[in-house]
Amino acid sequence: MTLIKNKLSIKSSFPDLNQKILKCKKCPRLIRFSKKISITKRKQNITETYWGKPVAGFGDINAKLMILGLAPAAHGGTRTGRVFTGDKSGDFLFRCLHKVGISNLSSSTHIKDGLKLNSVYITNILKCVPPGDRPLNKELYNCSNYFNNEIQNLRNLEVIICLGKIAFDNCVKFYKKNFIINKKMIFKHAAKYRLPDGKTLIPCYHPSPRNVNTKVIDIKKMTSLLKIALKML
């Protein structure tokens, strides 16, 4: 029997939840950093208007698969307003999603590019970009209710793929705060862990430019993992 340790937050519908995320100002450090990025910008995007606000997840609300990252990229999601959109990690991810029939497009450039996902929801543990990609524990805690609401709203959710060790560790930490978990969960690419609520957690190497360039992760490895996850649904 699963034992719930903490009382989870009251569920909000996706439209309400996304509005709460958009208006969230719980973490002043992250809000300041997002605004700073939006003002200073990146040279190749200097003429663009940056999103500069918290970034909600997106995808199929009937999804059986969640793809989970740590936080929106400084010049990706923080610029475009959609997770894994407009950066090299996203380019690699959506190319792989398209190859296995999950995405209708092989690239994701901006929030109105017409991209649609089939039975997949993509989000981040943290909804704002942290300086140096290092969130504080308090910031992760502040965002945990949003992540919890996403999980509750995805009623058909069966599998969670975590991109990178930090996202994986924080997903495990979230579950340990809300459930009794006695088994040890170690980050190992393509491993499978049964969660107390019946879902399966799968760690995956992050599709960062460094990992892609050094062949830590490549299209074959990523599409293979995605196919394994899809067969489990």
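Student: Which residues does Thr 49 touch, not counting residues up to four places away in sequence?

Tutor: This is a predicted model, so keep that in mind as we go. Here Thr 49 touches Lys 41 and Arg 79, once residues up to four places away are left out.

Student: Where is the place of Thr 49?

Tutor: Look in the loop between α2 (28-40) and β1. Ser 38 is eleven residues from Thr 49 in sequence, and their C-alpha atoms are 7.4 Å apart in space.

Student: Does Thr 49 count as buried or exposed?

Tutor: Exposed means over 50% relative accessible area. Thr 49 comes in at 72% relative accessibility, so it counts as exposed.

Student: On to the sheet. How do strands of a sheet pair?

Tutor: They pair through backbone hydrogen bonds, either parallel or antiparallel. In this structure, six strands form an open sheet in the order β1-β3-β2-β4-β6-β5, and the pairing is mixed.

Student: Which strands stand at the edges?

Tutor: Those are β1 (58-59) and β5 (193-194). Each has a single partner strand, so one side of each lacks a neighbour in the sheet.

Student: How many bridges join β2 to β3?

Tutor: Five, between residues 65-69 of β2 and residues 120-124 of β3, and these strands run parallel. To find your way along the pair, pick Met 66, which stands opposite Tyr 121 in β3.

Student: What does helix α5 touch on the sheet?

Tutor: Helix α5 (residues 137-153) packs against β2 and β3, with its direction at about 165 degrees to that of β2. Helix α6 (residues 165-178) also packs on the sheet, touching β2, β4 (159-163), β5 and β6 (200-204). The direction of α6 makes about 135 degrees with that of β4.

Key: Residues are numbered from 1 along each chain as its sequence is written. This is a predicted model: local features need pLDDT of at least 70, side-chain atom pairs count only at pLDDT 80 or more; totals for chains, interfaces and linings use all residues. Side-chain values use heavy atoms; hydrogens and water are left out. Two strands pair if DSSP finds at least two bridges between them. Helices (H or I, at least four residues) and strands (E, at least two) are DSSP runs, numbered from the N terminus. Contact means heavy atoms within 4.5 Å. Axes are lines fitted to C-alpha atoms, for helices over the stretch in contact, and angles run from 0 to 180 degrees between N-to-C directions. Buried means under 20% relative accessible area, exposed over 50%, partly exposed in between (1.4 Å probe, protein chains only).
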